[in-house]
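Thank you all for coming; I would like to take a few minutes to walk through one model with you. Please have a look at the sequence and the fold first, and then we will go through the parts in turn.

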Amino acid sequence: MLSVQNLDVAYGPTQILFDVSMEVPANELFCVMGRNGVGKTTLLNAIMGVLRPTGGRVFFEGRDLGKMHPYQRVKAGLAYVPQTRGSFPQLTVLESLKVVVDASDRGDRDAMEDAIELFPRLRKLLGRKAGLLSGGEAAQLAIARALVTKPRLLILDEPTEGIQPSIILEIEDAIANLNSSTGMSILLVEQYMEFALRLAGKHIVLDAGEVVSSGATADLDDARMRELLLL
Ligand SMILES: Nc1ncnc2c1ncn2[C@@H]1O[C@H](COP(=O)(O)OP(=O)(O)O)[C@@H](O)[C@H]1O
Ligand SMILES: [Mg+2]
């Protein structure tokens with residue numbers, strides 16, 4: 001479904017990603033793992049078209065994303081929840097979701113209802129301003145907003161970062177549910193190893209901008225994983 005082929009990305013003279021390739025199959029929950037600073041967010045930004053790669057190509061359902069603007073990539077069915085989660089602080093939870101229904105030609109009310117259904121905690125907070133949400137609630141809202149666009153591939157950048165364990169479990173359930181019940185394809189970037197390993201069927205691990213492990217997560221060697229992911 002998503003094919004990243006020999007991607008090189010640089011910020012000015014500093015190359016960050018080196019010859020990164022990965023194949024995300026349809027209906028898969030695929031994880032990109034790696035320590036802080038290895039280039040995970042940079043990879044997602046290149047996939048979304050926020051950054052222009054210096055080499056390599058990215059295809060989504062056979063279409064060359066290099067020829068498409070970021071908004072065209074969203075139209076094609078990609079949805080990106082950035083690490084910063086970026087909601088409008090002055091809008092309520094419900095308004096934050098409605099804005100997406102109105103702005104996206106993919107979105108509609110049914111998708112909004114489904115997204116709220118997935119996060120029971122949000123249903124109780126529909127009237128609260130997004131700027132007043134806790135970190136975990138804001139993370140759920142960010143995922144819900146992405147879901148309103150009915151993505152074919154949902155891309156999540158470290159949804160567990162800075163969140164208390166009980167809400168991490170809710171997010172884990174929601175992601176697992178989405179993938180198993182709707183078959184939505186999910187590309188998850190995550191440093192929290194246990195979370196990633198519980199969810200993902202396939203993976204790559206990045207280290208210093210290079211792919212150092214790839215394949216089925218079930219085949220991962222625990223000792224090797226710890227070496228690659230822990231400080
Ligand atoms: N806008 C930028 N300009 C220059 N360097 C950047 C920029 N964004 C990230 N970097 C650098 O690129 C490297 C990879 O960052 P990032 O992709 O955010 O890593 P990760 O998401 O794996 O923590 C880091 O060394 C970071 O400092
Ligand atoms: Mg990052």
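Predicted model: local features only at pLDDT ≥ 70, side-chain atom pairs only at ≥ 80, totals over all residues.

Let me begin with helix 6, where 13 of the 14 residues are buried, so this helix is largely enclosed by the rest of the structure. By buried I mean that 20 or more other C-beta atoms, placed from the backbone, lie within 10 Å of the residue's own. Helices (H or I, at least four residues) and strands (E, at least two) are DSSP runs, numbered from the N terminus. Residues are numbered from 1 along each chain as its sequence is written, and chains are lettered from A and ligands numbered from 1 in the order in which they are written.

After helix 6 comes Lys-150, with a positive phi near 50 degrees.

Let us turn to strand 3, residues 29–33, where five of five residues are buried. In a regular strand the side chains alternate between the two faces of the sheet. On one side of strand 3 we find Leu-29, Cys-31 and Met-33, and on the other Phe-30 and Val-32, all of them buried, so that both faces are covered. Which strands run parallel to strand 3? Strand 8 (residues 185–190) is joined to it by five bridges, with Leu-188 as the partner of Cys-31, and strand 9 (residues 202–207) by four, with Val-205 as the partner of Met-33. Two strands count as paired if DSSP finds at least two bridges between them.

There is also an open sheet of four strands, in the order 2-1-4-5, with antiparallel pairing. Its edge strands, strand 2 (14–24) and strand 5 (63–64), each pair on one side only. Within this sheet, strand 1 (residues 2–11) is joined to strand 4 (residues 55–60) by five bridges, and Gln-5 stands opposite Arg-57.

Finally, the shell around ligand 1 includes Tyr-11, Ile-16, Asn-36 and Lys-40, a residue being near if its C-beta atom, placed from the backbone, lies within 6 Å. Helix 1 (residues 40–48) gives the largest share of that shell, three residues.

How values were computed. Buried ≥ 20, exposed ≤ 12 C-beta atoms within 10 Å, placed from the backbone.
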